[in-house]
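Here is a short briefing to read with the structure in view. Take it one topic at a time, and find each residue as you go.

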Amino acid sequence: MSNQKKRNFQIDAFKHRVVVDPKYADKTWKILEHAIHEIYNHNASGLSFEELYRNAYNMVLHKFGEKLYNGLVATMTSHLKEISKSTEAAQGDSFLEELNRKWNDHNKALQMIRDILMYMDRTYIPSVHKTPVHELGLNLWRDTIIHSIKIQARLQNTLLELVHRERTGEVIDRGLMRNIVKMLMDLGSSVYQEDFEKPFLEVSAEFYSCESQKFIECCDCGDYLKKAEKRLNEEIERVTHYLDSKSEVKITNVVEKEMIANHMLRLVHMENSGLVNMLLDDKFEDLGRMYNLFRRVPDGLSTIREVMTSHLRETGKQLVTDPERLKDPVEFVQCLLDEKDKYDSIISNAFNNDKTFQNALNSSFEYFINLNARSPEFISLFVDDKLRKGLKGVSEEDVEIILDKVMMLFRYLQEKDVFEKYYKQHLAKRLLSGKTVSDDAERSLIVKLKTECGYQFTSKLEGMFTDMKTSQDTMQGFYASHPELGDGPTLVVQVLTTGSWPTQPGVTCNLPAEMSALCEKFRSYYLGTHTGRRLSWQTNMGTADIKAMFGKGQKHELNVSTYQMCVLMLFNNADRLGYKEIEQATEIPTADLKRCLQSMACVKGKNVLRKEPMSKDIGEEDAFFVNDKFTSKFYKVKIGTVVAQKESEPEKQETRQRVEEDRKPQIEAAIVRIMKSRRVLDHNNIIAEVTKQLQSRFLANPTEIKKRIESLIERDFLERDSVDRKLYRYLA
């Protein structure tokens with residue numbers, strides 16, 4: 001088989017011509033035309049679609065496609081004109097129903113006609129670039145009916161009227177509306193847009209412009225926003241029910257522009273109900289509504305933010321400069337924390353935790369907290385109050401919350417080093433008097449400060465805790481080496497490292513003989529166990545517990561300061577002493593002695609001494625004697641020292657001076673660090689770099705930076721450029 005030749009087969013066309021009846025085309029078309037009429041007249045059940053399909057197929061096959069196509073156009077147009085007339089004749093509400101019914105009929109007819117003419121649709125129409133049957137049917141419907149003179153305007157007005165009626169509270173046939181709108185969309189997006197959407201948006205703009213004007217004249221801000229929100233939701237719902245989804249953005253833009261953007265400033269500043277009133281009255285729901293509506297329009301949120309910031313700065317400024325508030329530092333700081341909590345809550349609940357609002361809040365607090373130069377001192381006093389007594393019985397979690405809030409205020413401070421100065425003084429007093437509520441809370445705050453500002457900021461504070469622990473061990477060693485001291489007065493010494501604790505003036509006073517001997521023994525012991533150290537007594541920082549017997553044999557244990565102990569012990573050997581005698585015997589500084597006597601003779605319930613003449617203040621001619629009638633329901637009585645909670649003006653000046661002195665080496669160190677890496681730098685850039693480097697601790701004063709530069713030039717760390725005097729060079 002493989003040797004046989006392969007044969008190629010070929011099919012030839014018929015040799016004879018196929019003769020077509022000249023009247024064939026007319027006859028066949030008549031059949032098809034009759035079928036189309038029957039379809040439109042709802043008599044399609046008696047038709048043979050197979051036969052009709054074959055007829056249409058043959059017409060195309062025999063090159064009568066054009067006749068078939070043109071005949072279809074003419075027949076459909078004729079029917080649609082009839083439909084147009086019956087639709088025009090429909091009255092009132094039946095107009096849309098008639099149109100919808102005819103549209104459904106036309107679609108069904110079109111489907112059947114397309115099935116019959118499928119062959120023409122697939123072969124003839126693409127070859128001559130004519131419109132496919134279904135699309136042709138839609139175009140003819142559009143041109144003959146929708147765009148007919150008597151229907152086009154009427155349809156548009158009817159649809160807009162229905163929308164208006166629905167807006168004014170009437171119930172309309174949404175299903176019918178949906179069908180008619182879908183018809184327009186099916187006829188092409190341009191038909192939907194030109195015949196409905198454009199006029200719909202124009203009419204809506206006019207409607208909402210009038211309505212918003214009416215509302216704004218008679219409603220307060222909260223009510224107006226509710227109405228605007230309701231309208232916006234209605235339009236969104238309308239789109240989902242019977243409009244094109246692409247219309248949602250367009251119609252919501254119209255409502256937003258007319259009801260919100262055009263009245264934004266008036267709403268925000270509305271008297272008695274605008275944004276400021278909402279903030280003052282904690283109207284979270286209204287604020288949330290305003291935020292959600294305003295975020296939809298350009299500059300909406302920035303408008304809210306600016307008004308909020310302006311109000312917050314104004315109220316904050318009043319708070320930090322109010323002389324009444326400044327009388328109580330703890331209350332002052334509590335007001336700041338309450339204000340911060342309030343706005344945190346507003347931003348969290350109403351403003352969607354918006355970062356830009358959070359930043360505005362932070363910048364506002366930073367602005368007004370630093371308007372008061374005493375803010376660092378007051379925050380430290382607040383911490384002192386909480387860690388002394390304010391946190392008793394409070395759970396660990398709540399302690400952490402309070403400390404975190406304090407840290408938040410601390411971050412706003414520009415002069416963090418001033419806070420550190422005061423905090424160190426207050427911590428020292430707490431530790432030495434044993435008045436701290438919780439060591440854990442103290443250490444927790446130091447860890448937070450360390451995280452915020454670095455090791456350098458807290459190293460001395462940690463050193464204070466170390467000294468307290470070391471002092472306990474030292475006292476155990478002292479009493480172990482002096483067993484004979486068991487029966488006499490007990491001495492507890494805290495040995496403080498000079499650099500770690502706040503510097504105190506080295507004031508001495510004359511201790512009672514019993515205590516003086518004991519102190520001398522401790523000095524000998526301590527210097528014997530530690531070489532190269534020096535001890536100086538800080539009697540102004542100590543406390544004492546002494547047993548006292550009053551008239552009628554009443555016994556009490558008095559907790560007093562070292563100074564108070566020195567004064568009271570004098571009355572063991574004298575019944576009555578004058579002020580000058582006490583001063584001479586104790587050598588306590590005048591200011592301290594007066595405070596000490598005032599607290600023992602003038603404070604009700606703590607007056608273990610009496611004075612003549614009786615008055616609130618201590619005079620140099622006053623005489624003092626033991627108050628035999630002193631009574632207290634407690635065995636242990638704490639006699640506090642009358643002391644100003646806040647610093648006096650001279651003390652404040654002294655603290656400020658110490659802070660300024662401490663800043664000088666830090667500024668110089670920053671200048672040297674910068675110049676070492678840059679080698680050459682101009683004056684303005686040095687100022688900017690130094691300020692940036694030191695801003696985590698304090699806001700450096702440009703004048704002070706300039707002085708430090710001069711000082712470094714004098715000490716040959718830097719030199720000025722010989723040509724440009726504003727240029728500095730680093731000298732290695």
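This is a predicted model: local features need pLDDT of at least 70, side-chain atom pairs count only at pLDDT 80 or more; totals for chains, interfaces and linings use all residues.

Lys-257 is partly exposed, with a relative accessible area of 46%. Side chains of opposite charge can pair when their charged atoms come close. A search of the whole structure finds 47 salt bridges, and some of them are described below.

**Salt bridges**

- The partner of Lys-257 is Glu-258, and the closest N and O atoms of this salt bridge are 3.8 Å apart.
- Glu-258 has a relative accessibility of 12%, so this residue counts as buried because the cut-off is under 20%.
- Glu-285 and Arg-289 also join their side chains in a salt bridge, at 3.0 Å from N to O.
- Both Glu-285 and Arg-289 belong to helix H14 (residues 284-294), where they sit 4 residues apart, about one turn of the helix.
- Lys-611 and Asp-622 form another salt bridge, with their closest N and O atoms 2.9 Å apart.
- This pair links distant parts of the chain, with Lys-611 in strand S4 (residues 609-612) and Asp-622 in the loop between S4 and strand S5 (623-626), 11 residues apart.
- Lys-611 counts as buried at 1% relative accessibility, and Asp-622 counts as buried at 6%.
- Which residues are linked in a network of salt bridges? They are Glu-166, Arg-167, Arg-174, Glu-235, Glu-237 and Arg-238.

**Loop residues with positive phi**

- His-42 has a phi near 65°, which is a positive value in a residue other than glycine.
- Look for His-42 in the loop between helix H1 (24-40) and helix H2 (49-61).
- With a relative accessible area of 57%, His-42 is exposed.
- Lys-63 is not a glycine either, yet its phi is positive, at about 70°.
- The loop between H2 and helix H3 (65-89) is where Lys-63 is found.
- Lys-63 counts as exposed, at 73% relative accessibility.

**A buried serine in a helix**

- Ser-444 is part of helix H21 (residues 439-453).
- The relative accessible area of Ser-444 is 15%, so Ser-444 is buried.
- What does Ser-444 contact, leaving aside its neighbours within four places in sequence? Ser-444 is in contact with Glu-400 and Leu-403.

Conventions. Residues are numbered from 1 along each chain as its sequence is written. Side-chain values use heavy atoms; hydrogens and water are left out. Helices (H or I, at least four residues) and strands (E, at least two) are DSSP runs, numbered from the N terminus. Buried means under 20% relative accessible area, exposed over 50%, partly exposed in between (1.4 Å probe, protein chains only). Contact means heavy atoms within 4.5 Å. A salt bridge is a side-chain nitrogen of Lys or Arg within 4 Å of a carboxyl oxygen of Asp or Glu.
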